[in-house]
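The following questions and answers examine a protein model. Please consult the sequence and the coordinates while reading.

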Amino acid sequence: MISGTEPDEDLLKKFIAGFDYPMFVVTAVDPAEGTRAGCLVGFTTQTSIEPFRFLVCLSRLNRTYRVAGNAELLAVHVVGEDDEQQELAALFGEETGDEVDKFARCAWRPGPGGVPLLAASPRRLVGAIEGRFDLGDHVGFLLRPVHVEIDSADRPMGFEALPDMDPGHPAG
């Protein structure tokens, strides 16, 4: 085992400088309570080609994480670069569901299992949660796709293109 201290935080920030992660809004519903939640997410990745699997990482501090703990499905919405989707990113990134009903402020409809599908994001995947993994201050949710909609091939908005925001919860 390799031991030692972790590198300086400034060096780690320089290492990831310029990485431009695509941004997503992830929504969930607790099937027992009907509680909805959603948040802006930048930590995601495809993990397998065959079978296709997708990993979404949610901060333990976020209300969406708490709702997703009881959820069977998550919806992953690609956030595009147009104005309406930037507003969606700001709503789900700056507000917290602990204080605001985000779904009262945007158009949505229930998807498979009642998970909210956001009208402003026409490119989305609904996945069944196959596993949950401790990843430090985030938990990874491994998704098996059960439903995909692509009404637009808009380029995803990257982290660098996000409007200046004050997050609803701290990042970690």
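Q: How many salt bridges does a search of the whole structure find?
A: This is a predicted model, in which local features need pLDDT of at least 70 and side-chain atom pairs count only at pLDDT 80 or more, while totals for chains, interfaces and linings use all residues. Residues are numbered from 1 along each chain as its sequence is written, and side-chain values use heavy atoms, with hydrogens and water left out. A salt bridge is a side-chain nitrogen of Lys or Arg within 4 Å of a carboxyl oxygen of Asp or Glu. With this criterion, the number found in the whole structure is eight.

Q: Which residue forms a salt bridge with Glu 9?
A: Side chains of opposite charge can pair when their charged atoms come close. Glu 9 is exposed, with a relative accessible area of 54%; buried means under 20% relative accessible area, exposed over 50% and partly exposed in between, with a 1.4 Å probe and protein chains only. The closest N and O atoms of the pair are 3.5 Å apart, and the partner is Lys 13.

Q: How many residues apart are Arg 53 and Glu 130?
A: The closest N and O atoms of the salt bridge between Arg 53 and Glu 130 are 2.8 Å apart. The pair links distant parts of the chain, with Arg 53 in strand β4 (residues 53–59) and Glu 130 in strand β8 (residues 123–135), a separation of 77 residues.

Q: Which residues are linked with Glu 130 in a network of salt bridges?
A: Arg 144 also forms a salt bridge with Glu 130, the closest N and O atoms being 3.1 Å apart. Here Arg 144 belongs to strand β9 (residues 138–150) and lies 14 residues from Glu 130. Arg 53 is buried at 15% relative accessible area, whereas Glu 130 is partly exposed at 44% and Arg 144 is partly exposed at 34%. The residues linked with Glu 130 in the network are Arg 53 and Arg 144.

Q: Which residue of β5 is the bridge partner of Ala 28?
A: Two strands pair if DSSP finds at least two bridges between them. β1 pairs in the antiparallel sense with strand β2 (residues 36–41) over six bridges, and with strand β5 (residues 73–78) over five bridges, also antiparallel. In β2, Val 41 is the bridge partner of Phe 24. In β5, the partner of Ala 28 is Leu 74.

Q: Which residue takes a positive phi in the hairpin of β1 and β2?
A: This hairpin has six residues between the strands. The phi angle in question is near 75°, and the residue is Gly 34.

Q: Which strands stand at the edges of the open sheet?
A: The open sheet has seven strands in the order β2-β1-β5-β8-β9-β4-β3, with antiparallel pairing. Each edge strand has a single partner strand, so one side of each is left without a neighbour in the sheet; these strands are β2 and β3.

Q: Which residue in β9 stands opposite Leu 55?
A: β4 and β9 run antiparallel and are joined by six bridges. Opposite Leu 55, the residue in β9 is Leu 142.

Q: What percentage of the 172 residues in the protein chain is made up of buried residues?
A: For the protein chain, the value is 45%.

Key. Helices (H or I, at least four residues) and strands (E, at least two) are DSSP runs, numbered from the N terminus.
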